[in-house]
Amino acid sequence: MPQTVRGVVARAKGAPVGVETVVIPDPGPGEVVVDVAACGVCHTDLHYREGGINDEFPFLLGHEAAGTVESVGDAVTAVQPGDYVVLNWRAVCGQCRACLRGRPWSCFNTHNAAQKMTLEDGTELSPALGIGAFADKTLVAAGQCTKVDPTAAAAAVGLLGCGVMAGLGAAINTGNVGRGDSVAVIGCGGVGSAAIAGARLAGAGTIIAVDVDPQKLQWATGLGATATVDARDSDPVEAIQVLTGGFGADVVIDAVGRPETWKQAFYARDLAGTVVLVGVPTPDMRLEMPFLDFFSRGGSLKSSWYGDCLPSRDIPMLVDLYQQGRLDLDAFVTERIGIDDVEGAFDKMHAGGVLRSVVEL
């Protein structure tokens, strides 16, 4: 039988979100109902509310989540009721051209649940990133569930569902940071700080955090930055060059996603170095630069989608590192809130006072 739960719904562009009754259908073939334990408040949820993703309102927000499988539909074999899972928005299809080339982390055909969750009046909801986890329970595709150690704290490991994985993967997977490399990260919110933690895991020698917020620079230091640059007082390009012997960093990660920060990343890297864009630009942004500079500096210019992760490979590995005390996911949890407090968490996000607010259900 379908069941009703509480969920955070964005009904119109820019309007405050509210907690409403959501109808969850029984899982169909290839689908799973998950009892959500915790879900992080990500910038992507705010982008949905602001109409920055698409205009398919109303949205059921939330996507950085962990919980327990409650029920499964036909043909589901990877998980079963009682499994503890982290939800991910990249449900690898196994059949697209990327998967068939052995590059499933670039899957071009990720899929979501076929059925729709609805409001009580039957209005269909668009779940954020195909998940919709600011709710007591949610309906997802089985491939969006990754089994992990059931003793791991949901508020921490759920963040691997999006932002923290995006940052870690930008350094480890996309940037291919290696032992002894120099790395600079521009923008040290949740994603940028995770990139710093990823660079540390990969064995980088010099890790430079760049931001305009002293609190974020302090958080970045705790997660592995060996030097900080306050961009209010110093030119980031010059400062990074000074901190790398005058050459620039081997890998520079732009976790902001603005033309000006991407230019800083481009010119702050060493010759033949790598730029990784993980911050998400808006459709109106434009970049203008001398074309010759792209040729003369060499190297690689990359974009990182979800940290180029393969959830089945990367999420359990990172949870294990967390359980071993080698990856401090707890440091990203700035506050724990209730389902009624998401709108206030968006305000705090704007103010820059949190790495992550986490809704506990």
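This is a predicted model: local features need pLDDT of at least 70, side-chain atom pairs count only at pLDDT 80 or more; totals for chains, interfaces and linings use all residues.

Trainee: Where does Ala272 sit?

Mentor: Ala272 belongs to strand β15. Its backbone is worth a look too: phi of Ala272 is near 65°, which is a positive value in a residue other than glycine.

Trainee: What do most residues do there?

Mentor: Most residues other than glycine have a negative phi.

Trainee: What about Gln80, where is that?

Mentor: Gln80 is in the loop between β5 and β6. Setting aside residues up to four places away in sequence, Gln80 touches Val69 and Val72.

Trainee: Which peptide bond here is cis?

Mentor: The one from Phe57 to Pro58 is cis, with omega near -5°. In general, most peptide bonds are trans. You'll find Pro58 in the loop between α1 (43-49) and β4.

Trainee: Speaking of β4, what does that strand pair with in the parallel sense?

Mentor: Strand β4, residues 59-60, pairs with β8 in the parallel sense over two bridges. Leu60 stands opposite Pro127 in β8.

Trainee: How many strands make up the open sheet with β4 and β8 in it?

Mentor: Five strands form that open sheet, in the order β7-β2-β1-β4-β8, with mixed pairing. The edge strands are β7 (118-119) and β8, and each of them pairs on one side only.

Trainee: Tell me about Pro127. What does it touch?

Mentor: Pro127 lies in strand β8, residues 126-127. Not counting residues up to four places away in sequence, Pro127 touches Leu60, Lys116, Met117 and Gly132. The C-alpha atoms of Pro127 and Leu139 are separated by 9.2 Å, and these two residues are 12 apart along the chain.

Trainee: Changing topic: which residues lie nearest the centre of the second largest pocket?

Mentor: Pro127 turns up again there. The second largest pocket is lined by 17 residues, and those nearest its centre are Asn112, Lys116, Pro127, Leu129 and Gly130. About 280 Å³ of space lies in that pocket.

Trainee: What kinds of residues line that pocket?

Mentor: Its lining has nine nonpolar, six polar and two charged residues.

Trainee: Now His63. Buried or exposed?

Mentor: His63 counts as buried, because its relative accessibility is 0%. Its place is in the loop between β4 and β5 (64-72). The side chain of His63 makes a polar contact with the side chain of Asp45, at 3.1 Å.

Trainee: What else is His63 in contact with?

Mentor: Leaving aside neighbours within four places in sequence, its contacts include Cys39, Cys42, Leu87, Leu129 and Cys162.

Trainee: Let's move on along the chain. How many residues of strand β11 are buried?

Mentor: Five of its five residues are buried, so strand β11 (residues 182-186) is mostly covered, with buried meaning under 20% relative accessible area. Ser182, Ala184 and Ile186 point one way from β11, while Val183 and Val185 point the other way.

Trainee: And what's the partner of β11?

Mentor: β11 and strand β12, residues 206-211, pair in the parallel sense over five bridges. In that pairing, Val183 stands opposite Ile207 in β12.

Trainee: Last one: what do the buried residues of α8 pack against?

Mentor: They pack against β11, α7 (236-243), β14 (249-254), β15 (269-277), α9 (291-297) and β16 (300-303). The buried residues of helix α8 (residues 259-268) are Pro259, Thr261, Trp262, Ala265, Phe266 and Ala268.

Note on methods. Residues are numbered from 1 along each chain as its sequence is written. Side-chain values use heavy atoms; hydrogens and water are left out. On a 1 Å grid over the protein atoms alone, a cavity is a set of points where a 1.4 Å probe fits but cannot get out, and a pocket is an open set with protein on both sides within 12 Å along at least five of seven lines; lining residues have an atom within 4 Å of a point. Grid points are joined across faces, edges and corners, and a volume is the space filled by probe spheres set on the points. Ala, Val, Leu, Ile, Met, Phe, Trp, Tyr, Cys and Pro count as nonpolar, Asp, Glu, Lys and Arg as charged, and the others, Gly among them, as polar. Helices (H or I, at least four residues) and strands (E, at least two) are DSSP runs, numbered from the N terminus. Contact means heavy atoms within 4.5 Å. Two strands pair if DSSP finds at least two bridges between them. Buried means under 20% relative accessible area, exposed over 50%, partly exposed in between (1.4 Å probe, protein chains only). A polar contact is a pair of N or O atoms within 3.5 Å; within protein, one must be able to donate a hydrogen and the other to accept it, and residues adjacent in sequence count only if both atoms are side-chain atoms.
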